[in-house]
Amino acid sequence: MKIAHISDTHFPQIIKESFDRTIEKINNSDIEFVIHTGDLVDRGYLREYEEAIQSFSKLKKPIIFVPGNHDGKNVGLKLFENLICPLNGVKEGKDYVVIYLNSVIPDMNEGRISNSSFLWLKETLRKHIDKEIKIVCFHHHLVPVPNTGRERNVLFNSGDVLDLLLKYGVNLVLNGHKHYPNVYKLEDLIIVNAGTMCSVKTRLGDKNSFNIIEIDDKIKVKTLRLDEIREREYERKKERIYNVNSEKLFRIVQIAGTYMDDSDIFNKKMFLNAFKKISTLNPDFVVHCGDIVNEGLNKNYTLAAKYLKTPIFFVPGPRDINYLGYSLFSKYFDFIETHATKKIAFKFLNSSQYDSNIGVIGRGELDRIKQFSRNPSEFKAIVLHHNLLPIENTREKGLLEDAGDILYELTRLKIDLVLTGHSSHPSARKIENTLVVNANSLSCKRQRSLFGNSFNIIDVYKDFIYVSEIQSLSGSRHVLGIWKRV
Ligand SMILES: [Fe+2]
Ligand SMILES: [Fe+2]
């Protein structure tokens, strides 16, 4: 099948030439149908909707529209429903299903798949589980997009939505909103963002663009700008046979959120059990992804220095540097920027800022990451506190403000592993060739996983990576995944 993916037309703020040229290209092609991923109009007014409808009457192919945040301004969603199409719906073919749904919170730029829409999506995916090709479309971006400035206006529950799409084997998710075209493969899911088809609101002086997506054994995404075509091609299923006799290279124990304190937020029993277990695991490296202490006070750092004695690499979380923490962190622990052996090179990043939950890496550090990627070690790992990918059971707030650019560069540079430690929920996902692993809190009473407090073991073999989560209290193991190394 072949579809066109257009987005963010923002009527009436259009460049007519871009609109007409795109419609003509689509009309004169073998495209089966078109999906518009939102921001059809700019302010949600009737006249804008009328102009959009009039202009789209030139299109000779069937089209699905999903609403965007701009369509929902000024009670625009009601007009959208009355004049365009229902907010949620399904288009079904012999082998495929397209599920489209509303992610708009009226008058807000941020998005959300509401509880009822989430349940409807789950039920609809369950109903169509046998369809070979499953496509889901909504306006707000699911994962951070590069070249769009500060990472914001995200889908509040993107962690849960991503988890659902992966569990139900969705092949393709189509998003708009950021006006910058981008494609990622996350596990077996292809995530496509469209640029703006014809609005004046492009980023970076970019040209208007749209995507043509062809699906057979492969998924091919072609981004067509004015004078340039960029193509990405992915296999639909990943190779799942691994060499079990592969040589083991090293073991990393990844911990986060120890929350040392004399209050009961720090669960000492949990901590001591976890560290007893860690000492039996013979790790080559122990990495702490931040929030060592509950608050950056001397009494907490004294506790931390007493308990965290094993050779450990640390990066600070926001809790470690508040109050006196910035000075205390370097007094009690060494912040090492890199550590390299023949087999592995680590780069440790401080993404935390004074008195703020919002993290940042910054452009200077990004240059140093580029230098680091040229390190001759066989395997490269980046360690930071803040999340690069949305985590389930938590509200996504875009806490790493340059996540779009950082994620893009780390995947482009083919960094093998990224370790993070925010959100108190474990997660391991491969995006492009980079495995991103998040650790739950090891000993904080506030955590979000039914498995309980835990830490991760990352075993790197010559041919694959095996990641499991170990419960802090009992030491029982839960496999997070196995990924082939390429
Ligand atoms: Fe837009
Ligand atoms: Fe938008």
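**Spaces and metal sites**

Mentor: Sorted by class, the residues that line the second largest cavity are five nonpolar, four polar and one charged. Please keep in mind that this is a predicted model.

Trainee: Which residues line the second largest cavity?

Mentor: The lining consists of Asn387, Leu388, Leu389, Ile391, Thr420, Ser427, Arg429, Val436, Val437 and Asn438. Strand 21 has the largest share, with three residues.

Trainee: And how much space lies in the second largest cavity?

Mentor: About 50 Å³. The structure has two cavities of 30 Å³ or more, and the largest cavity holds about 70 Å³.

Trainee: How does one find such spaces at all?

Mentor: A probe the size of a water molecule is rolled over the atoms, and this shows where empty space is left.

Trainee: What lines the largest cavity, then?

Mentor: Its lining is made of Ser18, Arg21, Thr22, Lys25, Met197, Asn208, Ser209, Phe210, Leu224, Arg225 and Leu226. Helix 1 (16-27), strand 10 (209-215) and strand 11 (218-225) are the elements that supply two or more of these residues. Helix 1 makes the largest contribution, four residues.

Trainee: How many of those residues are nonpolar, polar and charged?

Mentor: Four are nonpolar, four are polar and three are charged.

Trainee: Now the pockets. How much space lies in the largest pocket?

Mentor: The largest pocket contains about 710 Å³ of space. Its lining has 43 residues, and those nearest the centre are Asn357, Leu399, His422, Ser423 and Arg448. Sorted by class, there are 17 nonpolar, 17 polar and nine charged residues in this lining.

Trainee: What about the second largest pocket? How much space lies in it?

Mentor: About 550 Å³ lies in the second largest pocket. It is lined by 22 residues, and Lys185, Tyr234, Lys430, Glu432 and Asn433 are the closest to its centre. This pocket also lies between domain 1 and domain 2, since both contribute to the lining.

Trainee: Which elements supply at least two residues of the lining of the second largest pocket?

Mentor: They are strand 8 (182-186), strand 12 (229-235), helix 11 (403-412) and strand 24 (477-484). Strand 12 gives the most, namely four residues. As for class, the lining of the second largest pocket has seven nonpolar, two polar and 13 charged residues.

Trainee: On to the metals. What are the protein donors of the iron ion (ligand 1)?

Mentor: They are Asp8 (OD), His10 (NE2), Asp39 (OD) and His179 (NE2), and they lie 2.0 to 2.2 Å from the iron ion (ligand 1). Along the chain, these donors have the spacing D-x1-H-x28-D-x139-H.

Trainee: Are Asp8 and His10 buried or exposed?

Mentor: Asp8 is buried, as its relative accessible area is 0%. His10 also counts as buried, because its relative accessibility is 1%.

Trainee: Which residues coordinate the iron ion (ligand 2)?

Mentor: Asp39 (OD), Asn69 (OD1), His139 (NE2) and His177 (ND1) coordinate the iron ion (ligand 2), at 2.1 to 2.3 Å. In sequence, the donor residues are spaced D-x29-N-x69-H-x37-H.

Trainee: Why is the arrangement around the iron ion (ligand 2) called irregular?

Mentor: It is irregular because the four donor atoms subtend angles of 87 to 163 degrees. For comparison, the ideal angle for four tetrahedral donors is 109.5 degrees. The site of the iron ion (ligand 1) is irregular as well, with angles of 86 to 174 degrees among its four donor atoms.

Key: Residues are numbered from 1 along each chain as its sequence is written. Chains are lettered from A and ligands numbered from 1 in the order in which they are written. This is a predicted model: local features need pLDDT of at least 70, side-chain atom pairs count only at pLDDT 80 or more; totals for chains, interfaces and linings use all residues. Side-chain values use heavy atoms; hydrogens and water are left out. On a 1 Å grid over the protein atoms alone, a cavity is a set of points where a 1.4 Å probe fits but cannot get out, and a pocket is an open set with protein on both sides within 12 Å along at least five of seven lines; lining residues have an atom within 4 Å of a point. Grid points are joined across faces, edges and corners, and a volume is the space filled by probe spheres set on the points. Ala, Val, Leu, Ile, Met, Phe, Trp, Tyr, Cys and Pro count as nonpolar, Asp, Glu, Lys and Arg as charged, and the others, Gly among them, as polar. Domain bounds come from an automatic or database domain assignment. Donors are N, O and S atoms within 2.8 Å of the metal (3.2 Å for Na, K and Ca); water is not among the atoms, so sites may look incomplete. Four donors count as tetrahedral if all angles lie between 85 and 135 degrees; four count as square planar and six as octahedral if opposite donors are over 155 degrees apart and all others between 65 and 115; anything else is irregular. Buried means under 20% relative accessible area, exposed over 50%, partly exposed in between (1.4 Å probe, protein chains only).
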